[in-house]
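Hi,

Here is the structure I promised to pass on. Have a look at it first, and then read my notes on its charged pairs below.

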Amino acid sequence: MSLSGVRSSVRDTIAAIASASGPAERIIIRISGPDVRSVLQRLTGSLPDAPGPSRSTANLQIGWPELVPAILYFWPGTRSYTGQPSAEIAIPGSVPLAEKTLEAVLSCGARAAQAVEFTLRAFLAGRIDLTQAEAVLGVIDASNDRELSAALKQLAGGLAGQIQQLRGELLNLLADLEAGLDFVDEDIEFVPQHVLMTRIQQAGQEVRELLKQSADRMQSTGRPRVVLAGLPNAGKSTLFNALSGRSSAIVTEIPGTTRDYLCCPVNWNGLETDLIDTAGWEDTRPDLDPLSRSSSQIPAAAQQARRNQYAEADLIVWCSAADLSLDDQQLDQRLQAEASQHRPILLCRTRSDLQPDDKHDGPAPELLRISAVTGFGLPALRQKVAELLSQQRGGRQFIGSTAARCRDSLLRAVESLDRALDTAQRQLGDELISVELRDALDSLGEVIGASCTDDILDRVFSRFCIGK
């Protein structure tokens, strides 16, 4: 059955096995549609006439040699997942028994559900939006705790709520603008010019942040990425070898030895992570005298690889060597401040065995003192990294499929808001601003399904399985 056919048959009563395949203590049969009550009555012989959601036990008459004990969950009204009368039948976890029970349910007046029908009905009834529908599949497909956390947060409405609030603010702004158009001859200003520009600018910043999150999510491998960064010869490669338990990185006293980046999966107190060793940061200010740079300057390709890893990092562990010269200390502080503006950063004093009394100039009580050579401070580093990464888990609003689908819509919304702001700044007229705001609203509506086509629905729901 095509998606259009599924949409046109929402008044059918449908049923399917909702549990995943494989052994389980119980298996769930899911039923939804206007005739659920009569199906259950025929299946059990009786059913309490409960006015609201109920839980009860029953013996099912399915043509089995014996009655089958079951737990019935019944939603007689529209306060169910699908927005229709619904039920779930929990039976002992036997696959043959489940198939026989489903056969009995179908003989009592239901039809076999197609893939996607339950979640599509929930979407069409307004019980969930398009991002939450995608999150259902995200929960099913999650391969680790991090992906599951992101999917559950999206399913709970984290992304939808943010988009809805943003659309509400833009709708209010549009209403104020268009109300002012009705009184243009009377020179009544419903929204002062500076307020108008501020509200458009704030909306644009929010959409840009969502766009950035979608790009980050599409780049993610599923494991958090911890990048070791710092000046050349800060002890990053020695630390990489110590933390990874390998000797992958070449360690010498010559600055700039690492010309590429190394990646190794590690376990940070139970959290699987990609540990990245990168080329050392260089001072690349255009006004810097080339003759003052080290003769061992790291090639541009290595620096670009370092920048790419930095951009995709979930956490940067900034390595500041304990034996830095005064000039390098100033450069180190400037570069670490630059890094902390874009990604979470953990500051570490590496090579602390060279100055055990921590004689490094300047106050830095937040630095973790470590030595990869002696092992000093490494347990504390692992614990702190795991703690910081755990705080970020689930922080992203998007699952991967939503990020891929919504990126173009968010980009169009940003462009519309930018044009609206430019129009307001140039005072070209509220009519033109209204046009751009409407375009932004339509683009945001595509994200949550407030305005979408069958092509979008096909793309979202095409991978659902039967029973979901």
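R412 is partly exposed, with 37% relative accessible area (buried means under 20%, exposed over 50%, partly exposed in between, using a 1.4 Å probe and protein chains only). Its partner in a salt bridge is E446, and their closest N and O atoms are 2.4 Å apart (the term means a side-chain nitrogen of Lys or Arg within 4 Å of a carboxyl oxygen of Asp or Glu). This pair links distant parts of the chain: R412 sits in helix α13 and E446 in helix α14 (residues 430-448), 34 residues apart (helices are DSSP runs of H or I, at least four residues, numbered from the N terminus). E446 counts as partly exposed too, at 22%.

Before you go on, keep in mind that this is a predicted model: local features need pLDDT of at least 70 and side-chain atom pairs pLDDT 80 or more, while totals for chains, interfaces and linings use all residues. Residues are numbered from 1 along each chain as its sequence is written, and side-chain values use heavy atoms, leaving out hydrogens and water.

How many salt bridges does the structure hold? There are 12. One of them joins R208 and D418, with 2.6 Å between the closest N and O atoms. R208 lies in helix α8 (residues 193-219) and D418 in helix α13 (residues 400-425), 210 residues apart.

D422 also pairs with R426, at 3.1 Å. Here R426 is exposed at 53%, whereas D422 is partly exposed at 32%.

Finally, look for the network of salt bridges that links D12, R111, E117 and R121.

Cheers

Notes. Helix = DSSP H or I, 4+ residues; strand = E, 2+ residues; numbered from the N terminus.
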